[in-house]
Amino acid sequence: MLHFGILRGGACQDMSRCSSRWIAAAVLWIALASTARAETLAVTVEQWGLLGSWAVDCAARPDRDKGALLTYEIRKDGRVMYRRNFGDARDENEVVSATVNAEGLLNVMVFFPSLHQTREFGLFLQEDGSLRAIYNRSERGEYTIRDGKYVATGTPTLTQQRCD
């Protein structure tokens, strides 16, 4: 038979005091987990080599049809941000997760407030230092890029060079 001597014996004699301690511990755990997640995310993108600006042609002006300038940075508050410059339009979005799989593919999830959606994309850092998109899909699983090719045309994605 199990005995609950701790509960009867003093550690939690007053149940309201005991539950408030558990609530305080849970709040502290959630706060620390959020901070740890942000630090882990920042470390992941930094160690993988994602930080900085990328474009198909760094010398060309950003353009929606000819190539955007894409920038990944860590803010002072620890958040990882993804900025897109299309020349005539710009936006800034928060990276909410990033993991590296066994093959070295960086799986990035970004929340786009203007689109009211989260998108996930896989990036591969090639031996020459260039970056290539392997997949890009919506939270509903709709792909715009799959297996390194644009779904609409079947053409391979272009590599991006670091611009800074």
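Helices (H or I, at least four residues) and strands (E, at least two) are DSSP runs, numbered from the N terminus. This is a predicted model, in which local features need pLDDT of at least 70 and side-chain atom pairs count only at pLDDT 80 or more, while totals for chains, interfaces and linings use all residues. Residues are numbered from 1 along each chain as its sequence is written, and side-chain values use heavy atoms, with hydrogens and water left out.

View 1. Let's start with Asn107, which lies in strand 5. The side chains of Asn107 and Tyr135 are joined by a polar contact of 2.7 Å. Such a contact is a pair of N or O atoms within 3.5 Å; within protein, one must be able to donate a hydrogen and the other to accept it, and residues adjacent in sequence count only if both atoms are side-chain atoms. Leaving aside residues up to four places away in sequence, Asn107 touches several others, including Ser97, Thr99, Glu120 and Phe121 (contact means heavy atoms within 4.5 Å).

**View 2. The largest nonpolar core.** Here is a set of 23 residues, in which Leu50, Tyr82, Val108 and Leu123 touch the most other members. Helix 2 (15–48) gives two or more residues to this core, and so do strand 2 (69–74), strand 3 (80–85), strand 4 (90–100), strand 5 (106–112), strand 6 (117–125) and strand 7 (131–138). A nonpolar core is a set of buried Ala, Val, Leu, Ile, Met, Phe, Trp, Tyr and Cys residues joined through side-chain atoms within 4.5 Å.

**View 3. Tyr82 and its aromatic partners.** Rings of Phe, Tyr and Trp (its six-membered ring) pair if their centres lie within 6.5 Å; planes under 30 degrees apart count as stacked, over 60 as edge-to-face and the rest as tilted. The count by this rule comes to 3 aromatic pairs. Tyr82 and Phe112 are edge-to-face, because their ring centres are 6.1 Å apart and their planes stand at 85 degrees. Since Tyr82 lies in strand 3 and Phe112 in strand 5, this pair ties together parts that are 30 residues apart in sequence. The pair of Tyr82 and Phe121 is tilted, at 5.7 Å centre to centre and 45 degrees between the planes. With Phe121 in strand 6, that pair links strand 3 to parts 39 residues apart in sequence. Tyr82 is buried at 7% relative accessibility, Phe112 has a relative accessible area of 2% and Phe121 one of 6%. Together with Tyr72, these residues, Tyr82, Phe112 and Phe121, form one aromatic cluster.

View 4. Strand 7 and strand 8 (residues 143–146) run antiparallel and are joined by 2 bridges; strands pair if DSSP finds at least two bridges between them. Arg137 stands opposite Tyr143, and in the hairpin, with 4 residues between the strands, Gly141 takes a positive phi near 85 degrees. Strand 8 also runs antiparallel to strand 9 (residues 149–150), again through 2 bridges. Arg146 stands opposite Lys149, while Asp147 takes a positive phi near 55 degrees in this hairpin, which has 2 residues between the strands.

**View 5. Arginines over rings.** Arg146 lies over the face of Tyr143, at 3.9 Å from the ring centre, and Arg64 over that of Phe86, at 4.2 Å. A charge sits over a ring if NZ of Lys or CZ of Arg is within 6 Å of the ring centre and within 35 degrees of the ring normal.

Definitions and conventions:
Buried means under 20% relative accessible area, exposed over 50%, partly exposed in between (1.4 Å probe, protein chains only).
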